[in-house]
Amino acid sequence: MRFKDKVVLITGGANGIGKETALLFSKNGAKVMIADFDETSGISTREELRNQGAEAEFVKADVSQLHDVQKMVDVTRERFTQIDVLINNAGITRDGFLVKMEAEQWERVIAINLSGVFYCTHVVAKEMIDRGSGVILNAASVVGLYGNVGQTNYAAAKAGVIGMTKTWAKELGPKGIRVNAVAPGFIVTGMTDKVPEKILELMKERTPLRRLGQPSDIANAYLFLASDEASFINGAVLSVDGGLVF
Ligand code: NAI
């Protein structure tokens, strides 16, 4: 129960890695707010957590809309008073080769995966600064470190997340707030459902550990980075990719 009475706000917490992270933090005693624009899955995840005896809530929010983000934070504070850990996990892909990528594909990925992380942290950090403590964790990607064919928009957003992580570690560290990112490799979720089986097999072969990642691999990294055991880790980008890229 390492996170007893800690409040964790997880964006994109309704599915995939976010859902697994919500389950893990709640098993460790945290009060969890799931924020997602997928209301059906968000409510069902909330119920799953409650059935395990957790204190969990769901708020419908689109992280690419600042007014939604403000509402998300207000609802969380009303219910749980404060936010100890913010996990900026919500993200999408809209892949396409550079010359074929429509402006809409570019803008949507940047709006959610980059601006969304900025908006959520912008609003939550104010309260953390007043309190003098907090942890912010961002979903980056190996693609933000090394690029990937067909993912100009996604690579730009995730590289931006890494830049923001390092900037905020410097700005917020003196105020008692730690900021880190996790860079997952290929993790089996709804997001990778869209990737052709052939590519997934290739990724598996290229991964020294010869398997794809599971959502629990990433949830465990978030749990560690949020814990007191990581109290001197700030501004780090932790690759969790089976050794795929280094
Ligand atoms: P997923 O598609 O299973 O889950 C993403 C969640 O984010 C969904 O519940 C979705 O409804 C929510 N979401 C999307 N846009 C939103 C918005 N505007 N506002 C609120 N919620 C929104 O994806 P997965 O795989 O769990 O990914 C989670 C994070 O990890 C993402 O940031 C992704 O880029 C990152 N990641 C995933 C990898 C993978 O292989 N699955 C690899 C590297 C990074």
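Guide: Helix 1 (16-27), helix 4 and helix 7 (190-193) each supply at least two residues of the shell around the ligand. The model is predicted, local features need pLDDT of at least 70, side-chain atom pairs count only at pLDDT 80 or more, and totals for chains, interfaces and linings use all residues. Residues are numbered from 1 along each chain as its sequence is written. Helices (H or I, at least four residues) are DSSP runs, numbered from the N terminus.

Around the ligand there are 30 residues, and Gly 12, Gly 16, Gly 91, Thr 189 and Met 191 come nearest; a residue is near a molecule if its C-beta atom, placed from the backbone, lies within 6 Å of it. By type, the shell holds 13 nonpolar, 14 polar and three charged residues. Here Ala, Val, Leu, Ile, Met, Phe, Trp, Tyr, Cys and Pro count as nonpolar, Asp, Glu, Lys and Arg as charged, and the others, Gly among them, as polar.

A further position comes from a record: the unreviewed UniProt entry lists Tyr 154 under "active site", in the numbering used here, with a shortened feature name, and such annotations may be inferred rather than shown by experiment. Tyr 154 is found in helix 6 (residues 152-172). Tyr 154 counts as buried because it has 25 C-beta neighbours inside 10 Å; the cut-off for buried is 20 or more other C-beta atoms within 10 Å of a residue's own, placed from the backbone. Leaving aside neighbours within four places in sequence, Tyr 154 is in contact with Thr 93, Val 109, Asn 113 and Val 143, contact being C-beta atoms, placed from the backbone, within 7 Å.

Terms used: Buried ≥ 20, exposed ≤ 12 C-beta atoms within 10 Å, placed from the backbone. Contact = placed C-beta atoms within 7 Å.
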